[in-house]
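Good morning, and thank you for making time for this presentation.

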Amino acid sequence: MKNKIIYYFKEIVLFIVVMTIFANILSLYRSQELNKDKLNISTFELLNSSFYTLSKNEPLLIHFWATWCPTCKAEASNIQTISQKYNVITVALKSGSDEELEEYLKNRNFNFKVVNDYDGSITQKFNVAIFPTTIIYDKKGNVIFSEVGYTSTFGLWIRMWWAGL
C-alpha cells in the first residue's frame, strides 16, 4: 500500500510539473502579440468617472479581465491581494455598466482599481485577445513581463518585486 501511495504521489507531482511547463510555454506564445511599447498613459479613468494618476518610479501591473470569463473569476483574488501592496490597474472588457461592475466587485469584496472598457478600445490598444492577460511595467514604463492566462499570487508578487528593482 505504501508503494502505491508513493507511486501516485510521484505521478501527481510529475503531472503538475509538466502542466506548469506547458502552461508557461503556451502563455509565452500567446503573449507575443501583445503591445510591448513603452507605457504612454499617466492617468486612467476609473469607474464612475473618477481618475487615477500613476505613481512615478513605481512598477505597474495592468490586468485585463471580464466578468464573463471563468479564469478571470478564479484569478481575481490574486489580483486583489497584489493590489493591496502594488500599483495595479485592471481593465474590465465589455462587462456591463459602471454600476454593474461596482456591484460585481462589492459582492466579491474586491476593491482594486477598475477601468470599464465598454467598447473594447483600451483592450484593443494593448492587442489583448485572450483573458485574463496581465502586463507588468517597470519603473520607467517598459514592459518586462506579460502573462496570458491564470497567474498565481506568488507569481505576480515575484514579478512585481522584480519590476521594482
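This is a predicted model: local features need pLDDT of at least 70, side-chain atom pairs count only at pLDDT 80 or more; totals for chains, interfaces and linings use all residues.

The chain contains five helices and seven strands. Following the sequence, the order of these elements is α-β-β-β-α-β-α-β-α-β-β-α. The C-alpha trace spans about 60 × 35 × 30 Å along its principal axes. The chain has 165 residues, of which 43% count as buried. If we take the contacts between residues at least 6 apart in sequence, 70% of them join residues at least 24 apart.

Let me turn to helix α5, which covers residues 153-163. Which residues of α5 are buried? They are Gly 155, Leu 156, Arg 159, Met 160 and Ala 163. These residues lie on the same side of α5, because the arc they cover around the axis is only 125°. On the face turned away from that buried side we find Phe 154 and Trp 162, both exposed. Against what do the buried residues of α5 pack? Their partners are the strands β3 (60-65), β4 (87-93), β6 (133-137) and β7 (143-148), together with helix α2 (70-83).

The crossing of α2 and α5 is right-handed. On the α2 side, the contact is made by Asn 78, Ile 79, Thr 81 and Ile 82, and on the α5 side by Thr 153, Leu 156, Trp 157 and Met 160. Sorted by class, this contact has five nonpolar residues, three polar residues and no charged residues.

I now come to the disulfide. A disulfide is, in general, a covalent bond between the sulfur atoms of two cysteines. In this model the count comes to one. The disulfide joins Cys 69 to Cys 72, with an S to S distance of 2.5 Å. Are these two cysteines buried or exposed? Both Cys 69 and Cys 72 are buried. The torsion about their S-S bond is about 80°, so the disulfide is right-handed.

The next element is helix α3, residues 98-107. Its buried residues are Asp 98, Leu 101, Tyr 104 and Leu 105. They too sit on one side of their helix, because they cover an arc of only 125° around the axis of α3. The opposite face of α3, turned away from the buried side, carries the exposed residues Glu 99, Lys 106 and Asn 107. Among the elements that cover the buried residues of α3 are β3, α2, β4 and β5 (113-117). Just after α3, Asn 109 takes a positive phi of about 60°.

Finally, I would draw your attention to Gly 96, which lies in the loop between β4 and α3. Gly 96 is partly exposed, with a relative accessible area of 28%. Leaving aside residues up to four places away in sequence, Gly 96 touches Leu 101, Asn 116 and Tyr 118. Of these, Leu 101 is one of the buried residues of α3. Gly 96 and Leu 54 are 42 residues apart in sequence, and their C-alpha atoms are 25 Å apart in space.

How values were computed: Residues are numbered from 1 along each chain as its sequence is written. Side-chain values use heavy atoms; hydrogens and water are left out. Buried means under 20% relative accessible area, exposed over 50%, partly exposed in between (1.4 Å probe, protein chains only). Helices (H or I, at least four residues) and strands (E, at least two) are DSSP runs, numbered from the N terminus. The arc is that of the directions from the helix axis to the C-beta atoms. Contact means heavy atoms within 4.5 Å. A disulfide is a pair of cysteine sulfur atoms within 2.5 Å. A crossing is left-handed if the near helix is turned anticlockwise from the far one by less than a right angle, and right-handed if clockwise. Ala, Val, Leu, Ile, Met, Phe, Trp, Tyr, Cys and Pro count as nonpolar, Asp, Glu, Lys and Arg as charged, and the others, Gly among them, as polar.
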